Amino acid sequence: MVPALLVGHIFGLVFWVSGLLVTSIALTRHTQESSEEARHALARLERIYLRGLADPGAVLTILAGVGLIMTNSSYYLHAPWLHIKLTLVLFLIGVHGIVAIRTKAFATGRIALQRSEARILVVATLFLFLCILMATLLGEVYLTR
């Protein structure tokens, strides 16, 4: 059961982060586009990436993560690295929400979005992903001795 949950957790994380990255990158390109047809196409792609990759990936990651914690809750709930990781995951959920809100608002013309703002979303996603990986891998190796 644990190996299946771990595979689901990692698979979901790959989908989640890749969905956020590709949506943010498309949003960065969208801010530079002047053609109305291209803007509509990019808005459609952003929605597909977000709803088809990031959203299901987030759900799978969180559900599998909860399942993993439940398999050995006495260990996991007392592991300092997990608390760090969960805090970072909350920030990633926040970035996901910001990407979703900004993408929809920009596509409907309710906000003006600068290229630098969209790039910050790309960098924030990458930074949080790296920090989550480091907290997990280094925490397992060094904090559980």
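Modeller: The account below starts with the basis of the values, then takes the pocket and the helix pairs in turn.

This is a predicted model, in which local features need pLDDT of at least 70 and side-chain atom pairs count only at pLDDT 80 or more, while totals for chains, interfaces and linings use all residues. Residues are numbered from 1 along each chain as its sequence is written, and side-chain values use heavy atoms, with hydrogens and water left out.

The chain has five helices and zero strands (DSSP runs, H or I of at least four residues for helices and E of at least two for strands, numbered from the N terminus). Its C-alpha atoms fill a box of roughly 55 × 25 × 20 Å along the principal axes.

At least two lining residues come from each of α1 (2-30), α2 (36-71), α4 (80-107) and α5 (115-142). By class, the lining has 19 nonpolar, four polar and two charged residues (Ala, Val, Leu, Ile, Met, Phe, Trp, Tyr, Cys and Pro count as nonpolar, Asp, Glu, Lys and Arg as charged, the others, Gly among them, as polar).

Next, the helix pairs. The axes of α1 and α2 come within 7 Å and cross at roughly 155 degrees (axes are lines fitted to C-alpha atoms over the stretch in contact, with angles from 0 to 180 degrees between N-to-C directions). α1 is therefore roughly antiparallel to α2 (under 35 degrees is roughly parallel, over 145 roughly antiparallel, 65 to 115 roughly perpendicular, the rest oblique). The contact of α1 with α2 (heavy atoms within 4.5 Å) has 21 nonpolar, 12 polar and three charged residues.

For α1 and α5, the axes come within 8 Å and cross at roughly 165 degrees, so these two helices are also roughly antiparallel. Residues of α1 including L13, V17 and L20 meet residues of α5 including R115, A118 and F129. The residues of this contact divide into 11 nonpolar, three polar and two charged.

α2 and α4 pack at about 160 degrees with their axes 11 Å apart, which makes α2 roughly antiparallel to α4. Among the residues in this contact are R39, E46 and D55 of α2 and H96, T103 and F106 of α4. By class, the contact of α2 with α4 has 12 nonpolar, two polar and three charged residues.
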